[in-house]
Amino acid sequence: YIAAEGLDMYMCSLKRYEKILKNVGFIDIVIKDRNAWYLSKAQQELAAIEGPLNQQVINAIGTEETLGAIDIWKKLIGVLEIGEHRPGYFKAVKK
């Protein structure tokens, strides 16, 4: 998914983010796992792009770009389903 998107970022687990926040002096750390929500949202968006919005998307960005977007969304859904990609929200207070 990262390669398909052309991303060069480094991702790590939510537990690792929590450890990093603690190590640099944050307290009252709250981490909310948003994987289930994002998986559902990505599945809805893919269904819309492949279904009722397909022609509008093709008209806006062309057939090739639309097929590319569908491929990327499928890869995104794949890493969300296996839990490799786990979006989250962080809230913490600096000591």
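The paragraphs below go from the overall build of this predicted model to its salt bridges.

The protein contains 5 helices and 2 strands. Followed along the sequence, these elements come in the order α-α-β-α-α-α-β. The radius of gyration is 17 Å, well over the 12 Å that the globule rule gives for 95 residues, so the protein is more spread out than a compact globule. The C-alpha trace, taken along its principal axes, spans about 50 × 25 × 25 Å.

Of the 95 residues, 24% count as buried. The accessible surface amounts to about 6700 Å², and carbon and sulfur atoms account for 56% of that area. Contacts can also be sorted by how far apart the partners lie in the sequence. Among contacts between residues at least 6 apart in sequence, 74% join residues at least 24 apart.

Next come the charges. Side chains of opposite charge can pair when their charged atoms come close. In the whole structure, a search finds 5 salt bridges.

Helix 2, which covers residues 14-23, is a place to look at such pairs. Here Lys15 forms a salt bridge with Glu18, with 3.6 Å between the closest N and O atoms. Lys15 and Glu18 are separated by about one helical turn because they are 3 residues apart in this helix. Lys15 is exposed, its relative accessible area being 62%; the cut-off for this class is over 50%. Glu18 also meets the side chain of Lys22 in a salt bridge, at 3.9 Å from N to O. That distance counts because a salt bridge requires the nitrogen and the carboxyl oxygen to be within 4 Å. Lys22 and Glu18 are 4 residues apart in helix 2, so about one helical turn separates them. Taken together, Lys15, Glu18 and Lys22 are linked in a network of salt bridges.

Another pair is found in helix 5, which runs over residues 63-81. Lys75 forms a salt bridge with Asp71, and the closest N and O atoms are 2.7 Å apart. Both residues lie in this helix, 4 residues apart, which is about one turn.

Definitions and conventions. Residues are numbered from 1 along each chain as its sequence is written. This is a predicted model: local features need pLDDT of at least 70, side-chain atom pairs count only at pLDDT 80 or more; totals for chains, interfaces and linings use all residues. Side-chain values use heavy atoms; hydrogens and water are left out. Buried means under 20% relative accessible area, exposed over 50%, partly exposed in between (1.4 Å probe, protein chains only). The radius of gyration is taken over C-alpha atoms; the globule rule is 2.2 Å times the number of residues to the power 0.38. Contact means heavy atoms within 4.5 Å. Accessible areas come from the Shrake-Rupley method with a 1.4 Å probe; for residues, only the protein chains shown count as cover.
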